[in-house]
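Here are my notes for you, written as numbered points. Have the structure open while you read, and look up each residue as it comes along.

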Amino acid sequence: MTLNENLVQDIVKEVMAKMQISAASTGMHGVFADMNEAIEAAKKAQQVVKRMSLDQREQIITAIRRKTMENAEILARMGVDETGMGNVGHKILKHQLVAQKVPGTEDLHTEAYSGDRGLTLVEMGPFGVIGAITPCTNPSETVLCNTMGMLAAGNTVVFNPHPAAIKTSIYAINLVNEASIECGGPDNIACTVEKPTLETSNIMMKHKDIPLIAATGGPGVVTAVLSSGKRGIGAGAGNPPALVDETADIRKAAEDIVNGCTFDNNLPCIAEKEIVAVESIADELMHYMISEQGCYQISEKEQEALTAVVLQNGRLNRKCVGRSAKVLLGMIGVEVPDNIRCITFYGPKEHPLIAEELMMPILGIVKVKDFAEGLQTAVWLEHGNRHSAHIHSKNVDRITEYARALDTAILVKNGPSYAALGFGGESICTFTIASRTGEGLTSAKTFTKARRCVMTDSLCIR
């Protein structure tokens, strides 16, 4: 049942008001004043979790799925209200996607080798307590999908959420602990601190009881994790280009690209950030984007004004991240109707609104003479992040060449970017995509270490 708008707002206001008081005093599970206390609590919980059967862990994950579905609208509203980023309707879909498509214990598989000399098993065991750093762009989604995968593998987790999304993150952490308790599991399978800071993050990264750190965020956060001396999983930045050649279904490409770019106001790191179009079809693509897909083409003067607002002193203006096209245009004095959902223009690849990852519904189009130039341009724009890239073409050889040249963790062909997360595509869902450290779309098996058990000259019964 869908909650009505007024009821959702009332619930969110009540939750946010309660969180103004100390989280511990409100009965929130897994929330501590001190990071060392949070880690100790997660460590005790992990001693219980590691002895639980896969069936018992799966029962908790099933409860987390149910609670995520029940709270999808509340979490979506909280995320937008607290951070000012994104779109409530799209965030609801993201939470539903987490509930339905994040893998659980079924992701874990045992390898067996049997022969004349006996039996060897290679099983996937837990690390213990995992430290996780989460962003403000997808706060509750990341907490939920990380906890599900880490718990499935037998771990517990301590989060250091982005301070700008702490209330939403705490709500999600409380939710997963409630799910565990309801299923007879331990409290504190996921923990955090009331006031996350760089200091609490450093304590977590250096703590002797944290063997693995998973960071979802910008390049600075990932670099810090990879410099910690611990095993690190880094989900960093991307600037995904979408290449369109003359063989593509141009009308469909326009629809797919704009849908992907505008999903949750371009907050997903996999979303299309710019277009590289072969010049023979570029104007046709622009035509469909404007006439059918709600795009507004800005003039050179408006480009300059928007650049000045979006990038201040060479740095991204956080007040613009995750805002709608209408809001962004309003910041430069341009009024547009509500159906305008994307900003577009032609520009060189070096244009700051094209070359920089913005996380806003802005799609600059770079014209190229042919596919070969388009390939080189897309490689330059992706900046070697090896994160995500997209292509619209009916030429299989070109798609193959593009995939090899970009070498990204995700490549979407002839579809919107969110198909990579299982939304309209065949895939699992995650909001921690570890391109920099090579794991790609993380899941339960990502958070395990291999353990080999060997029995010689026995248990081979052929």
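**Notes on salt bridges, rings and a sheet**

1. Let's start with lysine 67, which counts as buried because its relative accessibility is 9%, and the cut-off for buried is under 20%. Keep in mind that this is a predicted model.

2. So what does lysine 67 pair with? Its partner in a salt bridge is glutamate 182, with 3.0 Å between the closest N and O atoms. Lysine 67 belongs to helix H3 (residues 54-70) and glutamate 182 to helix H7 (residues 166-182), so this pair ties together parts that are 115 residues apart in sequence.

3. The whole structure has 19 salt bridges. One of them joins the side chains of lysine 91 and aspartate 264, at 3.0 Å from N to O. Lysine 91 is in helix H5 (residues 88-101), while aspartate 264 is in the loop between H10 and E10, 173 residues apart. Buried or exposed? Lysine 91 and aspartate 264 are both buried.

4. Another salt bridge to look at is glutamate 246 with arginine 398, 3.1 Å from N to O. Here, too, distant parts of the chain are linked: glutamate 246 is in the loop between strand E9 (241-244) and H10, and arginine 398 is in helix H16 (residues 396-406). Glutamate 246 counts as partly exposed, because its relative accessibility is 37%. Arginine 398, with a relative accessible area of 19%, is buried.

5. Now for the rings. You'll find three aromatic pairs in the structure. In one of these, phenylalanine 263 and tyrosine 418 are tilted, with 5.1 Å centre to centre and 55° between the planes. Phenylalanine 263 sits in the loop between helix H10 (250-262) and strand E10 (274-278), and tyrosine 418 in the loop between strand E17 (410-413) and strand E18 (433-434), so the pair ties together parts 155 residues apart in sequence. Both phenylalanine 263 and tyrosine 418 are buried. Along with Phe423, they form one aromatic cluster.

6. The charged end of lysine 349 is over the ring of tryptophan 380, 5.2 Å from its centre, and lysine 367 lies over the face of tyrosine 346, 4.3 Å from the ring centre.

7. Last, find the open sheet with its three antiparallel strands in the order E2-E3-E20. Strand E2 (111-115) and strand E20 (448-456) are at the edges with a single partner strand each, so one side of each has no neighbour in the sheet. Nine bridges join strand E3 (residues 118-126) to E20; glycine 118, for example, has threonine 456 in E20 as its bridge partner.

Notes
Residues numbered from 1 in each chain as written. Predicted model: local features only at pLDDT ≥ 70, side-chain atom pairs only at ≥ 80, totals over all residues. Heavy atoms only, no water. Pairing = 2+ DSSP bridges. Helix = DSSP H or I, 4+ residues; strand = E, 2+ residues; numbered from the N terminus. Phe/Tyr/Trp six-rings, centres within 6.5 Å; stacked < 30°, edge-to-face > 60°. Buried < 20%, exposed > 50% of the residue type's maximum accessible area, 1.4 Å probe, protein only. Lys NZ or Arg CZ within 6 Å of the ring centre and 35° of its normal. Salt bridge = Lys/Arg side-chain N within 4 Å of Asp/Glu carboxyl O.
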